Amino acid sequence: MKETKLENYIINENIDLDTIVDDYTPYLRKIIQNMVSNNLSEEDKEEIILDTFFILWKRYKENYCIKSLSSYIAGIARNLVKEKFKKLQYNINIEQCENLIEYSNLDMYLQEREEINTIYDKIKNLKEIDIKIMNMFYYSSKSIKDIAKKLKISEVNVKTRLHRIRKKIKFELEQEDFKD
């Protein structure tokens with residue numbers, strides 16, 4: 001998707017939502033299809049697309065700062081898919097996700113499985129609070145604000161911990177690759 005700024009869709013200080021819908025619906029369909037495969041009905045997928053554009057319009061009216069339109073609506077759509085799965089009480093874990101991936105050969109599958117186990121081992125070795133933050137953010141799709149409130153720490157602390165956790169895991173993985 002070619003990167004476009006929201007300002008390109010502003011006419012007389014109003015958002016040209018019709019043009020955005022025309023330009024970005026195929027992009028959103030692809031994102032949603034990649035996330036859900038056949039686990040949602042066409043009606044659910046269409047509802048997510050419409051809700052994405054509604055939220056975009058609403059946030060524009062609330063004067064949100066939207067720098068990258070494609071990234072922004074992709075993020076909205078991803079969050080709506082996660083919410084839809086929660087509502088439908090889907091509980092997708094790593095093994096279920098692995099079953100959705102088509103592997104061209106056994107070696108590719110085993111390599112992917114090994115990488116997942118390696119990352120899981122790195123997460124298990126984190127401090128308890130960092131594990132909670134990771135689970136709440138990535139598995140439970142909690143917002144940074146909700147995590148901070150629940151753990152009684154600042155939002156900046158949550159963001160910093162997430163950043164450091166990702167950086168630490170990436171560094172450790174790179175070190176292992178370097179040793180091999």
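This report covers a pocket, the nonpolar cores and the salt bridges of a predicted model.

## Basis

Residues are numbered from 1 along each chain as its sequence is written, and side-chain values use heavy atoms, without hydrogens and water. In this predicted model, local features need pLDDT of at least 70 and side-chain atom pairs count only at pLDDT 80 or more, while totals for chains, interfaces and linings use all residues.

## Second largest pocket

Helices are DSSP runs of H or I with at least four residues, numbered from the N terminus. Two or more lining residues come from each of α2 (42-61), α3 (69-87) and α6 (128-139); α3 gives the most, with nine. By class, the lining has six nonpolar, five polar and six charged residues, where Asp, Glu, Lys and Arg count as charged, Ala, Val, Leu, Ile, Met, Phe, Trp, Tyr, Cys and Pro as nonpolar, and the others, Gly among them, as polar.

## Nonpolar cores

A nonpolar core is a set of buried Ala, Val, Leu, Ile, Met, Phe, Trp, Tyr and Cys residues joined through side-chain atoms within 4.5 Å. Buried means under 20% relative accessible area, exposed over 50%, and partly exposed in between (1.4 Å probe, protein chains only). The largest core holds 23 residues, and L6, I20, Y24, L56 and L69 touch the most other members. Helices α1 (17-36), α2 and α3 each give two or more residues to this core, with α3 giving the most, eight. Another core, of eleven residues, lies apart from it and includes L126, I133, I147 and I165.

## Salt bridges

The whole structure has seven salt bridges (a side-chain nitrogen of Lys or Arg within 4 Å of a carboxyl oxygen of Asp or Glu). Within α2, K45 and E42 lie three residues apart, about one turn of the helix, and pair at 3.3 Å. K45 is buried at 6% relative accessibility, whereas E42 is exposed at 54%.

D44 and K84 pair at 3.6 Å, N to O. D44 lies in α2 and K84 in α3, so this pair ties together parts 40 residues apart in sequence. Both D44 and K84 are buried. R161 and D130 meet at 2.7 Å, N to O; R161 is in α8 (residues 155-179) and D130 in α6, so parts 31 residues apart in sequence are tied together. R161 is partly exposed at 23%, while D130 is buried at 10%. Salt bridges that share partners join D44, E47 and K84 into one network.
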